Amino acid sequence: MFLTPLRSAYARVGGSPSSQSTGGAVGTVAWAVFFSAWAALTVQPSFAQSVNPTPSLPAGLSDPPSVLSGTSVPAEGALDALPSANGSLRALVTAPQRAMLAAGLAGRILDMPVRPGLPFSKGDPLVHFDCAPMEASLNGAKAALRGARAAANAKERLASFQSIGQAEVEMARASAAEAKAAVDSAEITVSYCTIKAPYDGHVVDFAAHPFETVQQSQPVLEIIGDSALEVEIIVPSGWLSWMRIGSGLTVHIDETGVDIKTKVSRIGAQVDPASQSVVVTAEVPASPAKDKNAPPQTRLRAGMSGTAIFEQKP
C-alpha cells in the first residue's frame, strides 16, 4: 500500500519510462526517486533492529552467580574466621566494663574533673551538678520533720494525761513518718548531684559539658573499665570439635608488640550459619592503665588488635 503514492507521484512527472521520448531526463529522476523510496521502506525494519538491538545479558550472566556456580558469595565476616598460613586468627581487645553514665536529675553541670582519656579510680567524682535547689528542698524537708516529730511528742504527752484520744496520737505519728520519707527522698535527690565512678577505668568521651543544663536520664559521659580486659576471636565452627573452655592460646598485640598467653574463657552459644564461625573469648590480665610501672602486657587498651595462635589446631 506504500507504493500507491509513489506511483501517483511518478505519473505526475512523466508516466512510465517506455512512454517517454522527449522527457528522458525527467523520467530518469522519477525512477531514481522511486527506487530510493523503495529501498528505504524495505530495509528500515532490519536497519532499526541492528541499531537498537534487544537488550540482553552477556553470555553466562543471565542468572545470579550462586545459581550458575552452585556456590554463594561469602557472607560478611566470613573471611575473618579463615586462619592464615600459620594458623593464626585476628583478635580484638575488648572491655567487658563499659557504660554511658546519665544524669540522675535535671540540672546544670558545674564541673567534670576527669577529662576524656584520663584515668580514674572507683568512687572518684566524675560530674558535679548545681545542687543548690535540691539542698534547699532537703533543708525544708528536715525542718518539716522536726516539726512533725515535736507535734507527735506533744500528742503522746497529752495522751499520757488522757487529754486526747489515741487516734490523734496515731495521726501525729503518721505525719512524722511522712515527713521522714520526704527527707529520705530529698537526700536521694541530693546524692544524684555527684556522679561517682563505679569502677577503675578511663573516660572515653563527654556527651555533655560543664555549664550545660541536662534533663534527667540524659547521657553525660561514657566510661570504660580497664581492671579486666578480654580478647575476642572469630574461629571456624569446625574448631569446636577440639576447642574447649581452658584451651590455651597466645595473642600477639600489634600495638605493643608483646605476646600474651591466656586461655579460652567463653565460647559463643550460637554459630553464625552464614560464615560458619563462632566467637571465642579469652580473659586478659590487666591492671589500671594509669599504673606506669605495670608490665607492658598490662598496659592494654580496648580496641587494640593482634593475632591469636591456639596451642592445639586440627
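This briefing covers the aromatic pairs and the disulfide of one structure. The model is predicted. It holds 3 aromatic pairs. Trp239, Trp242 and Phe310 form one aromatic cluster. The disulfide count comes to 1.

**Aromatic cluster**

- A pair of aromatic rings is described by the distance of the centres and the angle of the planes.
- Trp239 pairs with Trp242 in a tilted arrangement. Their ring centres are 5.5 Å apart, with 45° between the planes.
- Both Trp239 and Trp242 are buried.
- Trp242 also pairs with Phe310, and this pair is edge-to-face. Here the centres are 6.2 Å apart, and the planes make an angle of 80°.
- The pair of Trp242 and Phe310 links distant parts of the chain, 68 residues apart. Trp242 sits in the loop between strand E10 (228-236) and strand E11 (248-253). Phe310 belongs to strand E14 (residues 305-310).
- Phe310 is buried, as is Trp242.

**Disulfide**

- A disulfide is a covalent bond between the sulfur atoms of two cysteines.
- Cys131 is joined to Cys193 by a disulfide, at 1.6 Å from S to S.
- The torsion about this S-S bond is about 60°, so the disulfide is right-handed.
- Cys131 lies in the loop between strand E5 (125-129) and helix H4 (132-160). Cys193 lies in the loop between helix H5 (166-191) and strand E6 (194-196). The pair therefore ties together parts that are 62 residues apart in sequence.
- Cys131 counts as buried because its relative accessibility is 9%, under the 20% cut-off.
- Cys193 has 4% relative accessibility, so Cys193 counts as buried too.

Conventions: Residues numbered from 1 in each chain as written. Predicted model: local features only at pLDDT ≥ 70, side-chain atom pairs only at ≥ 80, totals over all residues. Heavy atoms only, no water. Phe/Tyr/Trp six-rings, centres within 6.5 Å; stacked < 30°, edge-to-face > 60°. Buried < 20%, exposed > 50% of the residue type's maximum accessible area, 1.4 Å probe, protein only. Helix = DSSP H or I, 4+ residues; strand = E, 2+ residues; numbered from the N terminus. Disulfide = S-S within 2.5 Å.
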